[in-house]
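Here is a short report on one protein chain. Look at the sequence and the 3D view, then follow the text from strand to strand and from charge to charge.

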Amino acid sequence: MKAAVFLGPERMEVMDIPTPSVSGPWEMLVKVRACSVCGSDIRIFHYGNPRITPPAVMGHEIVGDVVDVGEEVKGFKIGDRVAIGADVPCGICEMCRKG
């Protein structure tokens with residue numbers, strides 16, 4: 001599959017990468033239809049983030065279709081359309097340190 005891969009501050013490249021698979025019972029695989037760029041993506045692109053180790057696929061605000069689910073996943077099935085707003089905190093500010 002094609003993905004924009006973060007290679008380090010100020011470095012990103014669109015490349016072919018292996019399509020991920022569900023490897024655990026609580027995991028779900030979503031085929032991304034659209035992904036937005038937000039402030040944290042821009043900050044990570046410019047300055048990096050100690051919680052993101054390049055190479056990494058960024059983008060945590062997505063919409064797409066469920067294409068596989070682990071055996072313990074409840075409430076979702078293949079074919080469902082989903083919107084996901086996962087968070088990538090900085091890990092170093094006061095609020096992150098407080099959890």
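Strand 1 covers residues 2-8 and runs antiparallel to strand 2, with six bridges joining the two. This is a predicted model. Two of the facing pairs can be named. A4 stands opposite V14 in strand 2. G8 has R11 of strand 2 as its bridge partner.

Strands 1 and 2 form a hairpin with two residues between the strands. E10 sits in the loop there, between strand 1 and strand 2. Its backbone stands out: E10 is not a glycine, yet its phi is positive, at about 65 degrees. How exposed is E10? Its relative accessibility is 47%, so E10 counts as partly exposed.

Strand 1 has another partner. Strand 4 pairs with strand 1 over two bridges, again in the antiparallel sense. Here F6 stands opposite A56 of strand 4. Put together, three strands form an open sheet in the order 2-1-4, with antiparallel pairing. Which strands stand at the edges? They are strand 2 (11-16) and strand 4 (56-57). Each has a single partner strand, so one side of each is left without a neighbour in the sheet. As a general point, strands of a sheet pair through backbone hydrogen bonds, either parallel or antiparallel.

**The whole chain**

Now step back. The protein chain holds two helices and six strands. Along the sequence they follow the pattern β-β-β-α-β-β-β-α. The C-alpha trace spans about 35 × 35 × 20 Å along its principal axes. The chain has 99 residues, and buried ones make up 26% of them. Its accessible surface comes to about 7000 Å², and carbon and sulfur atoms account for 58% of that.

How far along the sequence do contacts reach? Take the contacts between residues at least 6 apart in sequence: 60% of these join residues at least 24 apart.

**Charges and salt bridges**

The chain carries 11 positive and 13 negative side chains. The centres of these two sets lie 3 Å apart. In general, side chains of opposite charge can pair when their charged atoms come close. A search of the whole structure finds four salt bridges.

| Acidic residue | Basic residue | N to O distance |
| D16 | K2 | 3.2 Å |
| D65 | R33 | 2.6 Å |
| E94 | K98 | 3.1 Å |

Start with D16 and K2, which form a salt bridge. D16 lies in strand 2 and K2 in strand 1, and the two are 14 residues apart. D16 is exposed, with a relative accessible area of 57%. K2 is exposed too, at 60%.

Next come D65 and R33, whose closest N and O atoms are 2.6 Å apart. D65 lies in strand 5 (residues 61-69) and R33 in strand 3 (residues 28-35), so the pair ties together parts that are 32 residues apart in sequence. Is D65 buried or exposed? D65 has a relative accessible area of 16%, and buried means under 20%, so D65 is buried. R33 has a relative accessible area of 55% and is exposed.

Then look at E94 and K98, whose side chains meet in a salt bridge. E94 is partly exposed, with a relative accessible area of 46%. K98 counts as exposed, with a relative accessibility of 62%.

**A cis bond and the end of the chain**

Where is the cis peptide bond? It joins P54 and P55, and its omega is about -5 degrees. P55 belongs to the loop between helix 1 (39-47) and strand 4.

Finish with G99, in the segment after helix 2 (94-97). Its relative accessibility is 96%, so G99 counts as exposed. Compare G99 with R81: the two are 18 residues apart in sequence. In space, their C-alpha atoms are 30 Å apart.

**Looking back**

Return to the 3D view and trace the open sheet in the order 2-1-4. Find E10 in the hairpin, with its positive phi near 65 degrees. Then find the salt bridge between D65 and R33.

Key
Residues are numbered from 1 along each chain as its sequence is written. This is a predicted model: local features need pLDDT of at least 70, side-chain atom pairs count only at pLDDT 80 or more; totals for chains, interfaces and linings use all residues. Side-chain values use heavy atoms; hydrogens and water are left out. Two strands pair if DSSP finds at least two bridges between them. Helices (H or I, at least four residues) and strands (E, at least two) are DSSP runs, numbered from the N terminus. Buried means under 20% relative accessible area, exposed over 50%, partly exposed in between (1.4 Å probe, protein chains only). Contact means heavy atoms within 4.5 Å. Accessible areas come from the Shrake-Rupley method with a 1.4 Å probe; for residues, only the protein chains shown count as cover. Lys and Arg count as positive and Asp and Glu as negative; His and the chain ends are not counted. The place of a charge is taken as NZ of Lys, CZ of Arg, CG of Asp or CD of Glu.
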